[in-house]
Structure formats: C-alpha cells, structure tokens
Protein chains: 2
Amino acid sequence: MKGTVLYGERDIRFEDRPEPTITKPTDAILRLSATCVCGSDLWPYRGIQAIAQPTPMGHEYCGIVEEVGKEVKSIKRGQFVVGSFATSDNTCVICRHGYQSSCTQREFMSAAQAPYLRVPLADGTLVATSDLPSKELIPDLLAVSDVLGTGWFAADAANVKAGSTVAVVGDGAVGLLGVLSAKQMGAERIIAMSRHAPRQKLAREFGATDIVTERGDEGVARIKELTKGIGADSVLECVGTQQSMMQAIQSIRPGGYVGYVGVPHGVSLNLETMFYSHVHLHGGPAPVRRYLPELMKLVLDGKINPGKVFDLTLPLDQVAEGYRAMDERRAIKTLLRTNGA
Amino acid sequence: MKGTVLYGERDIRFEDRPEPTITKPTDAILRLSATCVCGSDLWPYRGIQAIAQPTPMGHEYCGIVEEVGKEVKSIKRGQFVVGSFATSDNTCVICRHGYQSSCTQREFMSAAQAPYLRVPLADGTLVATSDLPSKELIPDLLAVSDVLGTGWFAADAANVKAGSTVAVVGDGAVGLLGVLSAKQMGAERIIAMSRHAPRQKLAREFGATDIVTERGDEGVARIKELTKGIGADSVLECVGTQQSMMQAIQSIRPGGYVGYVGVPHGVSLNLETMFYSHVHLHGGPAPVRRYLPELMKLVLDGKINPGKVFDLTLPLDQVAEGYRAMDERRAIKTLLRTNGA
C-alpha cells in the first residue's frame, strides 16, 4: 500500500509502505473509511518540532475491522469503529480515573494517513457502532477520533456548565469544536476569538454568541469589557503558544477555569501571576476514549455535525496538498478519502 | 498603643503606633484576643521580599468588636469575631463564586500584630460566634483566620475526597493543617513530607499515615513507590519554591490535583511538562472567608484542634523573638498574647 511519510520541513511524501499486520495478540487491523490532517501535524511539517527520521504521519481514523489478534475480545471483524489517537487498555487505574491518554500502556498512534492501520490494544482503544453508519456520517465520526474529542476535553477541563460564560482562544478546528462542545454543555455565552471570516461563520453555526478579533492584551481587554470587567468563567486554550496561553489565563474571572489542549511549544508560566489570578488550570492530550461512546452517540443521533470543520476533501494520494492548504490557512481541516469503506 | 513594624531584614520593632480608628463607615475596630506570626511574614523578614518602607506586620486575628462604622449591619460591638487576612464585601460576583480573597474590594490586612486592629468591610470579612468562646479555644479560633483556612483551601483545591491518597509538600503550620484538612475530608492515606521529628509527630497527630523524609527527585520517587508507581490523587503544595512545586507536580498520578498555597517566589513552570502530566493546578491566596463558618463550627464543636500548631506562646511585646524562633525553625508557629480579651 501507499502511506504518508514526513521527510523534513514541508516535505510530505505519499509512498510505498508495508501493509500493517498483527504484531501483538491485542492488535486490530482497520481498513480506514477516512483519515485527515491534524493541526498538530503542522508543528513537525513546519519544522518547529524536529523529527529524527522519516516519520509516518496521521493519528485520526475510523473504519472497518479487517482482522483482530487472538486476545481481542470485544472488537470483531467487520465492525465499524472509531479510535483515539492515544491507545489505552481502558482497565488500568489511570484509565479508570478517565485519563486513558495517560494509560500505563499508552502509545501515540501514527501512520493513519494510509488505507490500512494497525491499532494496538484494540479492546481498550476502539469503540464500535452497532450498525455500519451511512457514508454521510463518516466525516462526523472521523472528527470524534481527535478533533472533537479534544475540543470537548478543553470544554470539560474548563468546567463549562449550563449558564457559563466561555471564551475560546484559537479558531482552528479544535477551537471551533470547543465552541460546539461548550454549546452542548449548556454555555450561555460563547466568545470565539477569530479574525477569519469563514471561521467566524462556522463558530457562529456551532454556537458562538460573540466574536472577538483582537489578540493579546487587546483581546483580554475586550473579553473583560464583554464580561462587566470580571472575566469569563471558562477559557478554552486551543493553540499552545505563550501568547495564547497568557491571553487565556488573563481572560478568566478569579476562580475561573482554563482548559488547555493546544500542544505547548516553549510556553513558560510565572506561577506568581497564576497564584493571584486564582485560575484553575487543566489540560493535556485529550482522553478521547473517555468521551467516545457519548460523542459517537451524539453524531449517530444527528445532534451534532462536527464534520463541518472539514472544508477540504481530497483523495488520500493528494495528502501533500492537504497539508499545504492547512499550512497556508486556505483550509481549516483536510479530510482524506481512502475509498476504503 | 504599641505595635509591630518591620524595618528591614530581621529588624522587627515593637514600637508606638497610632491606635486605629474608624476611617470608613464599613470598618470595625477589634480588641484582639490573640495574634500570631505567619510563615509568609518570614519572606520580608528574611529580606527575600523587599519592603519599600517600615511596614506594620500581622494579618491573623480574632477578638472582640470595640466599635463599628455607621454602615456596619451584621457585626455588633461586644461580639467575638474571626476574620480573614483578605477583606471582602462577600456580595460581589467573585465572592459569590467563593473567591472572597479576590473580591473586587479586597485589601490584604496588615498591622494585626498589635492589641487593636481596624478591619475594613467588617460585614463581609468577619464572622461572629454566638457566644464568647472560652480562653482555651482562642488559639484554635485564631488558627482559622489564616493558617487553617489556607491548609483547608490547599486540600479543597487539590480535590481531596473520601478515600483519596494525598501527599503534603511542606511541614510548616500550613502543611500540617493541610494534613488535618485532608483527614477531615476523608482522605484514606496522607503522606506528609517532613524531616523534622516534632513536625512529623504533629503530622501523625493530625492524621498523616506515612512520613517521607526525602526531597526533590528522591521525594518524588518515594511517593511513586508508596502509590504503586502511579502517584498521589492530590498533592498540597505549601512552600512556594521551584523545587517544592516541581516535587508536587511530579508526585501526582495522571489526572490528579495539585493545590498550591505557598506564596510562589520565582517559580516558573514549563507548560509542556504539565501538559503531559495531566495535572489539575489550582491555588492562590486562600478564600478563607468562604470556609470561616464551617471551620469555626468544627473548632467550637471540639472536632479539631488546629491551635496545636502554636508551639511557642509569647507576650506581644516579645514579637521579635517570635519571628526569630520561626526563622531559626525553633518554633513551628508563634502565638502572641495580647491580654486584650
């Protein structure tokens, strides 16, 4: 088969790769229905995060189970499944606390921008639907695998409740689905920070009540203005830079919550500033597995359409253009068709 | 009257000071029953935190109301009251969220190491007992004013619940009362980090089940060893240095909670480390006012004896020795008798 490999800065190749096989008895092999490019893929693509060697890319996936290892019990050949970008046994003490993305057996997935994928710890990582879903739902179910799960975790980590005033820093796919998540959790006011018209539009569709175009200190001032000088109850940080993180922390009311899911790059926090802000801070790689059943049900019941973040669809062999379009912000998020299911 | 003034590094003077008077109609004047020296007083005393001018010291207090301003409604002359080190109106939106120590009208108290004290925003800052308490209870009630309230907040911020495994970094009075608080909240296992025999003893009395004498990376390794390699559910950080904070963060299980109340001095956090630890981080100046009614009741009902942290009692005019004893770690905490009530 052919799969996606990053060779260096902006050097994505779609090339021959060995077809994955069962290597451990807890593995499953999936024939992917679709895959996509993640905002976090852009860090190494842009050369900001170094890679030591050519690296198979992709960690978002859904598809049909082709084969399972001998110890796989709950996942069966022929089922449609969605999995998390982090594998988990879903039984260890950390998983039981709901942090499957820190499971004692965790591996971060890779090589999913391909037609076939090996998934370790299949029973603890994958969730199957009861029936095969219609093709129209594939983008929505694919979104659950990471980008929605991550936006949802941001909102959950930021303690969004019915009636909350929420600000979202970052208008990438995760930030936009953070807006959708906050809306689902009953937020009364959702302030999306964005200066890009198509993203503002999608934020409004997902439930944003206000748009703030200012950034940094001006962005903070604008949030304070919109909240009677007090600040937001919850801020979702979906970028991962020093500026975005400070903007998030400074935008909350004393005692408010920042949920951060943007992978931090060179971010350092002065604890004294945080101390006097009374901020609650929580985040990390989203424990998507915790949320999969609930989020897949919301999609299957037609309650949410997270797949709307895919504003570019390409055949898998054009994956390099998919990266370019996101890098140049011509696309919010690229879905890659595999013709696999 | 005479009161306590810090002139510079290790230069505490007990000298003539104007007797406080009502300056705003929301003020009260208290005749203090007792006051004490706080661990945080040692930062400026040691010259680590610069002072611009001679500074009246002390922010922990309880006593009898001598006089109230015209707008004071609930607090009456003759009542025994306990107040927080941070004033609050207890009505603003931030107070209503339980963060009275970030009240929009907050002032940090000072000048309490004296026989008389002016307390601003008396109705929102002070809580009265229904009867005058017995003299034996004065140390316990004084402890509620800051040091217990702060240890309690550390445990609350660290999400201590029935059955939790808790570690406490710092064996000062706040850390020791963090142990007591965790015990009250139902923690099953409480690991106190201390290398001082008298403090270890008090930690055991307050409910510690394990003592760890190692610090830094060795301390972290020991906590991991005691928790089957997973880490503690909750860690109370009661020091405020880079080392203590890193020790706290590294000692939790993924998804666990660090409550930090040690005033941070030059502490900087790498967000990437925190991201992958899945830590919840919350802290700040304790909103003692939120907890006053509950904690005063626990004292008055004889359920807790937080006053045990006072292992040195001196008359107020020997306040300088009270600071010295704590600075040299000869005393955990010094109570100052005012003969005021």
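This briefing covers the fold of one chain, the contact between two chains, and a few individual residues. The model is predicted. Chain A holds eleven helices and 17 strands. Its radius of gyration is 19 Å, close to the 20 Å that the globule rule gives for 341 residues, so chain A is as compact as a globular protein of that length. Chain B superposes on chain A by a rotation of 180° with 0.0 Å of shift along the axis, at an RMSD of 0.0 Å. The two copies are thus related as by a two-fold rotation axis.

**Chain A as a whole**

- The C-alpha trace of chain A spans about 60 × 40 × 35 Å along its principal axes.
- Of the 341 residues in chain A, 58% are buried.
- When contacts in chain A between residues at least 6 apart in sequence are considered, 69% of them join residues at least 24 apart.

**A three-stranded sheet in chain B**

- Strands of a sheet pair through backbone hydrogen bonds, either parallel or antiparallel.
- In chain B, an open sheet of three strands has the order 2-1-4, and its pairing is antiparallel.
- Strand 2 (11–16) and strand 4 (55–56) of chain B are the edge strands, each pairing on one side only.
- Strand 1 (residues 2–8) of chain B runs antiparallel to strand 4 of chain B, and two bridges join them.
- B:V5 has B:P56, in strand 4 of chain B, as its bridge partner.
- Helix 11 (residues 319–327) of chain B packs on this sheet and touches strand 1 and strand 2 of chain B. The direction of helix 11 makes about 160° with that of strand 2 of chain B.

**The contact between chains A and B**

- Chain B contributes 27 residues to the contact, and chain A contributes 27 residues.
- On the side of chain B that touches chain A, at least two residues each come from helix 2 (93–96), strand 13 (252–260), strand 14 (268–270), helix 9 (271–277) and strand 15 (280–283) of chain B.
- By class, that side of chain B has 14 nonpolar, eleven polar and two charged residues.
- Strand 15 (residues 280–283) of chain A pairs with strand 15 of chain B in the antiparallel sense, over three bridges.
- Across this pairing, A:H280 stands opposite B:H282 in strand 15 of chain B.
- Which surface serves the two copies? The same surface serves both: 100% of the contact residues of chain B recur in chain A.

**Residues with a positive phi**

- Most residues other than glycine have a negative phi.
- A:R329 is not a glycine, yet has a positive phi of about 55°. A:R329 lies in the loop between helix 11 (319–327) and strand 17 (334–337) of chain A.
- Is A:R329 buried or exposed? A:R329 has 12 other C-beta atoms within 10 Å; a residue with 12 or fewer is classed as exposed, so A:R329 is exposed.
- B:A111 likewise is not a glycine and has a positive phi, of about 70°. The loop between helix 2 and strand 7 (116–119) of chain B holds B:A111.
- B:A111 has 20 C-beta neighbours inside 10 Å and therefore counts as buried, the cut-off for burial being 20 or more.

**A:K308**

- A:K308 sits in the loop between helix 10 (288–300) and strand 16 (312–315) of chain A.
- With 19 other C-beta atoms within 10 Å, A:K308 is partly exposed.
- Leaving aside neighbours within four places in sequence, A:K308 is in contact with A:L202 and A:E205.
- A:E205 is 103 residues from A:K308 in sequence, and their C-alpha atoms are 9.7 Å apart in space.

**A:M1**

- A:M1 belongs to the segment before strand 1 (2–8) of chain A.
- A:M1 is exposed, with 11 other C-beta atoms within 10 Å.
- Not counting residues up to four places away in sequence, A:M1 touches A:R17, A:E19, A:A114, A:P115 and A:Y116.
- A:L148 lies 147 residues along the chain from A:M1, and 29 Å separates their C-alpha atoms.

Definitions and conventions: Residues numbered from 1 in each chain as written. Chains lettered and ligands numbered in written order. Predicted model: local features only at pLDDT ≥ 70, side-chain atom pairs only at ≥ 80, totals over all residues. Helix = DSSP H or I, 4+ residues; strand = E, 2+ residues; numbered from the N terminus. Rg over C-alpha atoms; globule rule 2.2 N^0.38 Å. Contact = placed C-beta atoms within 7 Å. Pairing = 2+ DSSP bridges. Axes fitted to C-alpha atoms, helices over the stretch in contact; angles between N-to-C directions. Nonpolar A, V, L, I, M, F, W, Y, C, P; charged D, E, K, R; others polar. Least-squares fit on C-alpha atoms with pLDDT ≥ 70 in both.
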